Every structure is written in C-alpha cells, then in structure tokens.
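Please look at the sequence and the model shown here. The report then takes up a few of its parts in turn.

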Amino acid sequence: MATSTVDEGGPVGIKKELREALDAIVSSGTFASQGRLPHVDPQIKVQDVGAISLPLQESQLRQMMKQAHQAPYGKGSETLVDTAVRNTLELNPGQFELSNPNWDNYIKRACTCVARDLGVDSPVSAELYKMLIYEKGAMFKPHTDTEKAPGMFATLVIGLPSPFEGGEVAVKHQGKKMVLTTLQHGFSYVSWYSDVVHEILAVRSGYRWVLTYNLCIDPSRPCPTACLHTDEARHLHRILKTWLNQNTAERELSHAYYRLDHEYTKANISLNALKGRDLASVHLLKEISNDLNMEIFLAVIAKGQMGPCRYEEPYSRKSYRSSRSYFNIYLENHNAGYRGRSGAIHALEQIINTSYEVDTLVGLDGCEVMESMPLKNDNVLQMKCFDVDPQEDYMGYQGNFGPDATHWYRAVVIVPRDSIAHFLKVPTERSGPYTESTCQGNKALMIGYLAKSLAHTPDDQFLIKTLKDLCQEVWTMSETGPPGSSRPPRVVLPEAVITKVLQAAIISKDPDFVKDAVGRLERNLSPDFFTWVQEQTAVGLITFDTIKDIGSIVGILSRTICSHAPAMEASDFHSLWLPFLHHLVRFCEANSIPTSTPDYQRIFAAILKAYINNYVGERPSHDGNYVRPTVGHGCADCISLNRFLSDPAQTVGRFSVNQKRRHHLHLRLDAAKIDCTHETERIGSPQTLVVTKSFPRHERDSAAWGKRKAEAGVKLLDFNKRDLTGWFGEEYEGLMGMVGHGPSSGRRPAGPVPNRPTRPRKRKAADIDVVDLRDD
C-alpha cells in the first residue's frame, strides 16, 4: 500500500511525487519577449496622407491621427469605446500600405526570434492587425488579447522610430512579471502569449507608434514531439508506472487533475492549442500514455463560492481589492467572463457555500467528452490550485439570492484505464431535475469518445468493457416501458456514433455486442464504414470470420451496398470494393456459404455492375458538330479560313497559297486553339495547307476508355466464370461485353439506349471543298 502522510493539510506520497514531477517539466521559452531589430524602412503609405518618412515627423503624425479612430476594447460579448479603459488611436490595414517588398521577409525573421523566445517549434506566421498611435496620456488598462484568427497564440508588436517616453508594456503570468519596452530611435519588437495579462502604461511624452500582428501556427499541424529521454521525462514515467501498478483499491488517487498555466476558452482547449509549459507537460503525458495504461483529458474546472459581497462596484469608486495588485482581464469579442472595470476579483465577506466542478471535459483533440462533472478537491495535485489569479464569472444580488463568484481554471486529467469506467460513470449517477438531462447527454458523449478511442487502442479491454456496459445501460433505458412507468429521458445516439460502436463491437469479436449495435442502426451504413472494414482486414485486425454468425449484418450490408452502388466513386473500386469482394469470396468458401445466397449474390452483383458502369462506362461519343470557332483576323486568307471553320457541312479545307501565307494560317489556328489538324501537302506549286476538323478531346477520352475497358476485363477474370454468371444472371453477356468478353460493343446491357447524334457520312474526295487561294 502507498505510504501517505499529512503535510500542510493535504496527503502526500504518489500525489506529491506526481505533482513535483510535473512541476519539474519546463518549456524552452518564456511567456513574453522583446528584442532589437535592424533598421529597414517599411515604406509606409497612409491613405490621404502619403508616404511617411522616418523618423516620424509631428506634422505627418498629426495628419495620420486625423485618419485614425479611437480603438475599442471588448467587455464580455460587447465591443466598447471608453478612453478611461483604452485611450489609443488605430488605423486598419486597409488605410495604409507597407510597400517595401522585403518587409514580409523582415517580419518572418522577427517571427523566428519570437518563436525561439517563446519556445515554439512550429512554423509561425504573422497577420497584420493594426497600426496604433499612443500620444501623451494614452494607455490601455490590463487585459488579455482575443484569439482573432485560427491558430493564433501570441501578439507581436513592431516598434517604429518615434521619440517618446513611457508606454511600457507590463506583463504578468503565473505570478511572474516583466516590463517590455520598444525603442524610441530604432526598430524593435515585443511579444507575448495571447492569454498573458498585460497593460500599456501611460505615455509621458512624445508619440509611441507601432504595428501589431497576430502570430499564428497551423491549427491542424501536429504538436512538437516531447522528448521521452530527458531525466524529467524518465522520472515522470517511473512515478506514473508505480501508481498504475498499484491495486485500484490501494491507490491514493483514482485519477488526478493538474492545473495548467495558461487560460484557454472552451472552444479552443485542445492539445494543438496549448502553449509553453502546458504543451510540454501534456504532450509528454500523451507520449507516456502510449506505453502505460492511462487516458489523458483536458478540462475546464471551476470553484464556485456564494456569500455577501462588500459592495457592488461603480467604476468611480476605489477598488475593494486595491491592496493587492490584480490585473483586469478584458476579453475582446469573447464572452468568457468579466472581472469588473476595476480589475479586481470580487471578495466575498463571508463564504456561505463552496463547490468544485468540472465544467467541461474534452479529449486531446478538443472533442467534448462530458460536462458538469463533480470535482473532488483531493484529486487536484496542486495544494494551492485555486489560489492563483483566476478568470471570474460574477453575479451580483438577484432578488432573494446573494452574490456568487465562479473562478475558472484549466487542467490536464490523468486517468488509469482500469479506473476509466468509474471515472466516466460517476457523472451519470447524479440526481435532480437539471442533472438528469445533463447525465443522459453525457452518456451519449462518453459512448462516442470510447468508441473513437478504441479505433486507436483496439485491444484495450478496460475501454471495451466500459463501452459495452454503457451501451447496454443506454439501450436498456431506451426500451419502451410499461404504461405509466417513469423512465429517465431517452438517450438518442447519432448514427455516426452507432457506426463507431459497431466498429468497436466488431473489433472486440463479441457477436452479441455486434448484434445489439446492428439492431440500433436506423439507416444504411455509410461508405466510410466499408473503407474502415477494408483497412482493418488489410492489416489483419478483423476478418469476415468475426461476423460470420451474425446473419442480420449481412442483410444490412446487402441493402446498404445496393443502395450506394450507383453512386460509388470510380477511384474506390481498385483500392476498396474489389479487394472487399475477394475477401468476401474467401469468407464464403471457408464457411461453405454459396455465393449465390441472395444477400451475398446481391452484394457481388451490385458492386461489379457499378464497377462496369461507373469505372468503365460507355464508349465515349462526340456530338458530331463540325462548326469551329473562327480566327480573329480580317485578312482575305483568314476570311476564307473562317468561312470553312463555321460551315457545319465542311470537314476538310484545302488552301493552296505560298509559304508565307500558309505560315500565317498555321499561326492563327494555333493561337485560337481550334480543334483541327493542319498540315502542308507538298505537291504542286503553290503547296496546299490541308485543314481537317477533328475531335482531339474525344480521341483522348476514347483512348482512356479503351484502357479502362481492358483493365476491367482483366480484373473480372480474377473471379470464377460460374460465379459471375450466377451473380449477373441474364445481364451476364451484356455486362461482360462491355469489357471485351462478349458480343456487346461498349453499350450498357440494360435500360434505354441514349439518343446519339447522327454521324455525318464519309465524304468522297469529289465532295471535299478546295479553296483556291493561288496568286493571280
């Protein structure tokens, strides 16, 4: 049994070791940075002002300020203008131009410096956001930056040459503070992560002039790989292994929450959105989870308190927390909580009630797994987790209810897989009218998560058992009860989730589980399911033996395939559908099932007919229209040529002219890209240019069709002729004829024959018009 003692009111042992091991993980970068840049004139041109010279002259600055507007800020879901909070002038990118062609490369070099400083390994791109002008007295109260673009993780400010004093950027994060400055007489940069609280201090004299950029990484790009070979990583691996090797009943922790350093919104919390040390810690845990039996989640956790507040705050009154230096967080254009205009966390005079909750639990991909879970403070690794500056939602007095404040934090969650069932089922056991509906929704989310997880860890018996138990619970609850019976709200699983459950059931090789999943399907299976089947059989994870005793699934496969076959993509036949049929043939032979059995026969016939019709298709034909576009020139030779090109009855034109005039017609035909051939018949004097109207696209299509026809003919011979005859029935001759194995000549064997234009008759030499353009 793990040894535990009490230290400062909390248990230690594995919990303390795990906390210290995670605390020891460091990022190669910091949360903010600054630096000097070489002097490169961006060649700024401002609308209605013109080119701006460097260093900035007050006369031009005054003109720019006339074009600028007061910069707004965000408060909850509102966008406000209040110079007591933000006193800054701004120009939008459409109001000015950076005309130096080398400026983009200059910014790329600045991004490289910032990425190094912040510890970001992925390529960083910069998106121009605003030009800002701070005159004397201008400032911006403490706030965080909105993530204004996909993949945005930081802000970059380029300081432009302009004399000023003051205007420092004071940044604070996780109890650490820095003061950043831009140069007065040169180029420089300052940068910080988006969620870092920062304040622009008042400009004391002159004008602070800057360009601001949103720094982004590709949101779909995989995170940098954490190194598993550092001492810190090996130490963490040993501690986790020791913890997981303990008997579940003896573990000090059933699961663990570790608070993250940065703030993330519910919409963007995922592995790819993590920053700095958070990214290093969670990515390392993910890598270790590939070796040890544990699941990693991310969570938004909350501490709620209720009690009387000292007073409600008008902005003009002194902050009731003025004795402590807290930063005010304004979230621009994002309703994620508001600390109040004074910037203080609301202090409750008396705490009547305190509660802890997991507001949202997500997988590392950001997909929601659960909401409104209870949180036991003992499962949080940090003893003072809720003592750091939080993000706050505050609600004042409302009728009979007193104020309450909810403080939000973000955490990584570590759950042993053998405890996953208990961890995930706890939230479904809560009672009450509100939580009843929430718990049922949680079950649907959990089933989707577990089924998706099993696609990556198909042999995980803990996950399989948890999924089966949860599905049985949901399906049992969904059954119709006796009249008047009281049942919880019915859980409706989306078809996509049921398909994932079916895949997990097939992988688990549990026929009863497969039957239950099949019985819940209300629609045909999607083509993605068959792609998955082919992929799994190709790597040997499943075989048709897995479902040989499940009669109902063959009927569903048959109905689904017959319905989908006419729309099957030509590109899928060789990679998916034909290999699928060969697997099915071997399955039938191994289990003494005649391929002529109706459901199987319909599967073979539907796919192979679609192969012939969709992949090979009918012999291409052209529309028989011999009218061609004319060439754009008005000389006598071109007029004669155009007369021939626009005549629907003429197919060959002969132009007897000298070499210079023939060359002119050659050039005109080539330039106009007319569908025709034009060659010189080197007989007589002058020689003759022979122009023949042609159908080159039709010729290319015909050649491609011939290649597909020959290829399909070979592929069909891979199947037994007796089987093909049985599958196709009366259509055998016509279908095989389409691929060169019968009397058919490329036409579909059944259905109406489409109307085709009448081909012009072959003309005799006497019918060919000769245009004589000889010199007189």
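## Around Thr360

Beyond its neighbours within four places in sequence, Thr360 is in contact (heavy atoms within 4.5 Å) with Lys266, Leu298, Ala299, Val300, Glu368, Met370 and Glu371. Thr360 belongs to strand 24, residues 353-362. Strands (E, at least two residues) and helices (H or I, at least four) are DSSP runs, numbered from the N terminus.

Thr360 counts as buried because its relative accessibility is 10%, where buried means under 20% relative accessible area, with a 1.4 Å probe and protein chains only. Its side chain also makes a polar contact with the side chain of Asp359, at 2.9 Å. A polar contact is a pair of N or O atoms within 3.5 Å, one able to donate a hydrogen and the other to accept it; for residues adjacent in sequence, both must be side-chain atoms.

## Basis of the model

This is a predicted model, in which local features need pLDDT of at least 70 and side-chain atom pairs pLDDT 80 or more, while totals for chains, interfaces and linings use all residues. Residues are numbered from 1 along each chain as its sequence is written, and side-chain values use heavy atoms, without hydrogens and water.

## A hairpin

Strand 29 (residues 676-681) and strand 30 (residues 688-693) pair in the antiparallel sense over six bridges; pairing requires at least two DSSP bridges. Thr677 has Thr692 in strand 30 as its bridge partner. The two strands, strand 29 and strand 30, form a hairpin with six residues between them, and in the turn Gly684 has a positive phi of about 80 degrees.

Methods: Buried < 20%, exposed > 50% of the residue type's maximum accessible area, 1.4 Å probe, protein only.
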